[in-house]
Amino acid sequence: MKRVWWKDKIAYQIYPKSFLDTNGDGIGDLQGIISKLDYLKELGIDLIWLSPIYKSPFIDQGYDIADYYAIAEEFGTMEDFDELLAETKKRDMYLIMDLVINHCSDQHEWFQKALKDPEGEYGKYFYIREGKDGNLPSNYRSYFGGSCWEPIPGTNKYYFHMFAKEQPDLNWENPKLRQELYNMINWWLEKGLAGFRIDAIINIKKDVNFPDFEPDGRDNLASCWKMVESVEGVGEFLDDLKKHTFQKYDAFTVGEVFNIKEGQLENFIGDDGYFSTIFDFSAHCLSDGGHGWYDAPKPDFKSWRKAIIDSQLKVQECGFEANIIENHDEPRGVSRFLPVYAQNPAGAKMLGTVNVLLWGIPFLYQGQEIGMENAEWNSLDEFDDISTKDQYQVARAAGLSEKEALEVCARMSRDNARTPMQWSKEAFAGFTTKTPWLKVNENYKRINVASQEQDRNSVLNYYRRLLALRKSSEYKEVLTYGKFVPEYEETETIMAYYRVTEEKRMLIIANFGAEEEKVTLSYPCKKMVLSNEENWEAHESELGTVLNLKSCQTVVLECE
């Protein structure tokens, strides 16, 4: 397996709108990010991913791009961006941006021209079809609910959108459109960007005949992903994209990829794969409901453990995946993957340890390093997320009461990850001096950066030690390239694995149970390297062949 520049790095996702506001408008900005680069450097971050900062109407929080070459005024200017880029490089850090090329905004000039002349040059940049026998061109349901087809006023034609109607899908079958996108990507890479996180990229390949599928809901529509899963040939687009852009700049790319067909993982992330890496969503998929959030199961420990282990064993044979606990599209991991008794600082440290030391490149999400949790939501009006509002209606249509539908949204909403970063106990958590665009989690006086800076045993300071361990000269090799080997899989509450090279064997072990567990070590312990227990160093000499793990305790050992 090739050794490339990014494999020993640690990444951090910033959601700019919620990170830090410096001009008092309630919206985070680029100057806020610049002011916290030293904080991220001290945390141990090498690579920063910015969620979209392009000019946008923000129907879907910037994933509806109106101009790929412009910075949204809400975030600042291109001069601010250039300053951010320069300041990251001064600190030997790397900057990647979100790349949204399955669709654009309906305010983009390409689409505006297409509306004026659907048969013209720009009409071919999109999927525009006539209806069938007085009906829609096909029966697909968009990811945000409702039909994927939107009528073009004054015509008998429709345009296709897999997300919101304000996000028309781009026609990747058109080589001229593809070249426009390649030019844009290369323009950013020429500026010195290190690479991209690539949004919803598997969706770019369509069955251009748009055949109907068997309906799977009360609306007589079929989920649009059924078309995505049935069509062949996305690899040709992805290979062409790589050769014309990323490959020329040795860029780092991480794809948001679902629906990979069996046996094709190596094509995506092997040494010559389409991307450097893709996110591992195996644990997050445990919460997929059959019809929506309202019937989404809650992940149990054994299912979660099996999903992680199975994914690790599979991926290490061909490449690196990006390991996440949470991101801007998911609820907070502490609230999602930990039982109630473990939703505390010890549990947050435990979950972080297990995730950060896996095979692959770790991606932290802003606030994860202080153990931010899901917010409490009192009404639908408090939410901003378009998907949450749709899922509320789906739940109500399925027969849930207002209270039950709200509880579902509170548990699963993407807005849980988008509440403002909790910097201090000051008003609005130190995020802004004015009312923020989205409410602050009410627990900010208990969970915030400033308080945790002063506490050696805080989640923040533990994450600093954890990331320092992964990057240390003594353990970087084994924790980057060491083979993943699961251990104690037969237990009820233990998640454990080794990272192994010819020179070293590390055991990462955690007790997710409510009671203390005794574990007999398979290999003698040479050294306790890290634990989330306070003053653990004082007890290192007591280690024998049996490890007594308290509830929510995690330990990293170097073994014989």
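On a 1 Å grid over the protein atoms alone, a cavity is a set of points where a 1.4 Å probe fits but cannot get out, and lining residues have an atom within 4 Å of a point. These views show a predicted model, in which local features need pLDDT of at least 70 and side-chain atom pairs count only at pLDDT 80 or more, while totals for chains, interfaces and linings use all residues. Residues are numbered from 1 along each chain as its sequence is written, and side-chain values use heavy atoms, with hydrogens and water left out.

**View 1. The largest cavity and its lining.** Two or more lining residues come from each of α10 and α12 (345–356); helices here are DSSP runs of H or I with at least four residues, strands are runs of E with at least two, and both are numbered from the N terminus. The top contributor is α12, with three residues. The lining divides into nine nonpolar, two polar and no charged residues, where Ala, Val, Leu, Ile, Met, Phe, Trp, Tyr, Cys and Pro count as nonpolar, Asp, Glu, Lys and Arg as charged, and the others, Gly among them, as polar. The volume of this cavity is about 80 Å³, taken as the space filled by probe spheres set on grid points that are joined across faces, edges and corners. The structure has five cavities of 30 Å³ or more.

**View 2. The second largest pocket.** A pocket is an open set of points with protein on both sides within 12 Å along at least five of seven lines. This one holds about 670 Å³ of space. Its lining has 30 residues, with Ser-335, Arg-336, Leu-338, Val-340 and Gln-343 nearest the centre. At least two lining residues each come from α10 (301–315), α11 (333–337) and α14 (402–412). By type, the lining splits into 13 nonpolar, eight polar and nine charged residues.

**View 3. Cysteines without a partner.** A disulfide is a pair of cysteine sulfur atoms within 2.5 Å, and the count by this rule is zero. Cys-409 is in no disulfide, and its nearest cysteine sulfur, in Cys-224, is 19 Å away. For Cys-559, the closest cysteine sulfur is that of Cys-525 at 5.8 Å, too far for a bond. Cys-409 is buried at 0% relative accessibility, and Cys-559 is buried at 3%; buried means under 20% relative accessible area, exposed over 50% and partly exposed in between, with a 1.4 Å probe and protein chains only.

**View 4. The surroundings of Cys-224.** Look for Cys-224 in the loop between β11 (222–223) and α6 (225–230), where it is buried with a relative accessible area of 1%. Beyond its neighbours within four places in sequence, Cys-224 is in contact (heavy atoms within 4.5 Å) with Tyr-140, Arg-141, Ser-142, Tyr-143, Cys-148 and Met-162.

View 5. Phe-58 sits in the loop between β3 (54–55) and β4 (67–71) and is buried at 15% relative accessibility. Tyr-488 lies in the loop between β16 (483–487) and β17 (494–500) and is buried at 7%.
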